[in-house]
Amino acid sequence: MSMKAPLVIIGNGMAATRLLEELLALAPERYAITVVSAEAAPGYNRVLLSPVLSGEQNEASVVTHDTDWYRRHDIRLIAGDPAVRIERRRRQVVTASGEVLPYQRLVLATGSRPRRLACDGSELDGIMTFRDLRDTRALIQASREVRAAVVIGGGFLGIEAAEGLRQRGVAVTLVHSGPGLLNRQLDAEASELLARDLTRRGLQLCLNARTRAFIGRREDNRVRAVALMDGQTLPADLVVQAIGIRPDISLAEDAGLACRHGVLTDDTLQTYDPTIYAVGECVEHRHRTFGLVAPLYEQARVCAAHLAEMGHRRYAWRDTATRLKVSGVSLFSAGEREGDATLYWRDPVSGHYRRLWLDGNRLAGVVLYGDTSAGAWYGKHIGEDISPWRDTLLFAERLPEVAA
């Protein structure tokens, strides 16, 4: 009989797999680990689903932890059988098939769910999301059968979904409620450059537009158009909603754990139950929720240290740079777009653009479009005193390390 303490991890996304790697490095013999996954697939890189949708990569290329990896590390993977209940008094997790899993420590890595519009026609067939491998497969299949698609949402996922479908031969209209694409990451000029480049590729853009309803066909209950608030009607055999995510806290709430927008944790990623931790997109830490990979990986590193009883680490949020995963489009954004001074450089011929925000002598934020070669350098120095390079800060080729 194993004397290892039973550890159950609910979820098998990127936060969970990084947690496994970190924990195996620190305390490989401490726990008998069971991973419970709602998805039937093994561990994969969700960030790379966009090139899979576009056809630039295949499914095999995004798998990071195949079934042999779990077997080699003596980890039991229960795939395609989601957890449906946590019994905290008994310290048990119950799966949809009825299997009961005891735990001494439990980690919630339940991720997030895509937001959906609550408007007329939302129940029609042909209205999809773009979040996981199953969604990606469904969109690839749909791209073979439809002529026109509407993608709702001008954030990263929306743009990547729209461009992926376009590359598969679908006529795509991208609808966004704001005045510019990626308005949370880019300033107006960079957003205009992005819109110009996407339009040149063949995407139709519909900005400052809100969805009023989805219009369907009676005979098959399938979507055929999207009606906008301004009276426009956009033909659509397929609709993709990419309007954001919300933490998946249903299991935690049902178990009586403290939740607000996400599962509430302290700086060790422990919940209000000392036997239960949480990592990833389901987490709310100091009034923040998360959608980018970098903070999820840092949470996994901190949580693993405490599970291994090497608890010297604390999680603290740090601003994370963002990039768009569309082939041929390079942009970089980091920090805050505010300060007491701004510097910008543009090359209208090449379409390259660079803008920096300064707060005194500190670099507050940066947006790069086209030439992003200095992105890592700028990102590294966000919040730092840049006095030594103030006179050459805009010229990437003169910055230390970049020039080298």
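Predicted model: local features only at pLDDT ≥ 70, side-chain atom pairs only at ≥ 80, totals over all residues.
1. Leucine 186 is buried, with a relative accessible area of 2%. Leucine 186 sits in the loop that runs between strand S13 (171-175) and helix H6 (188-201). Leaving aside residues up to four places away in sequence, leucine 186 touches Leu181, Ser191, Leu194, Leu331, Ser333, Arg337 and Val367. Histidine 306 is 120 residues from leucine 186 in sequence, and the two C-alpha atoms are 37 Å apart in space.

2. Glutamine 185 belongs to the loop between S13 and H6. Is glutamine 185 buried or exposed? Its relative accessibility is 18%, and glutamine 185 counts as buried because the cut-off for that class is under 20%. With residues up to four places away in sequence not counted, the residues that glutamine 185 touches are Phe156, Thr322, Ser333, Arg337 and Val367. Ser333, Arg337 and Val367 are also among the residues touched by leucine 186.

3. Glutamate 145 is placed in the loop between helix H4 (133-143) and strand S12 (148-152). At 57% relative accessibility, glutamate 145 counts as exposed. The side chain of glutamate 145 makes a polar contact, at 2.6 Å, with the side chain of glutamine 141. Valine 170 lies 25 residues from glutamate 145 along the chain, and their C-alpha atoms are separated by 9.3 Å.

4. Next, the packing of two helices. Helix H1 (residues 14-26) and helix H8 (residues 293-307) pack with their axes 8 Å apart, at an angle of about 35°. The crossing in which H1 passes H8 is right-handed. On the H1 side the contact is made by Met14, Ala15, Arg18, Leu19, Glu22, Leu23 and Leu26. On the H8 side the residues are Val293, Leu296, Tyr297, Ala300, Arg301, Cys303, Ala304, Ala305 and Leu307. Sorted by class, the contact of H1 with H8 has 13 nonpolar residues, three charged residues and no polar ones.

5. Two residues deserve a look at their backbone angles. Most residues other than glycine have a negative phi. Arginine 286, which is not a glycine, has a positive phi, near 50°. Arginine 286 is in the loop between strand S22 (283-284) and H8, and counts as exposed at 59% relative accessibility. Glutamate 309 also has a positive phi, about 60°, although it is not a glycine. Glutamate 309 is found in the loop between H8 and strand S23 (322-323), and its relative accessibility of 57% makes it count as exposed.

6. How many disulfides are there? The count comes to zero. Cysteine 206 is in no disulfide, and the nearest cysteine sulfur, that of cysteine 119, is 15 Å away. Cysteine 206 is buried, with a relative accessible area of 9%.

7. Cysteine 259 is partly exposed, with a relative accessible area of 22%.

Methods: Residues numbered from 1 in each chain as written. Heavy atoms only, no water. Disulfide = S-S within 2.5 Å. Buried < 20%, exposed > 50% of the residue type's maximum accessible area, 1.4 Å probe, protein only. Helix = DSSP H or I, 4+ residues; strand = E, 2+ residues; numbered from the N terminus. Polar contact = N/O pair within 3.5 Å; in protein donor to acceptor, adjacent residues only side chain to side chain. Contact = heavy atoms within 4.5 Å. Axes fitted to C-alpha atoms, helices over the stretch in contact; angles between N-to-C directions. Left-handed = near helix turned anticlockwise from the far one by under 90°. Nonpolar A, V, L, I, M, F, W, Y, C, P; charged D, E, K, R; others polar.
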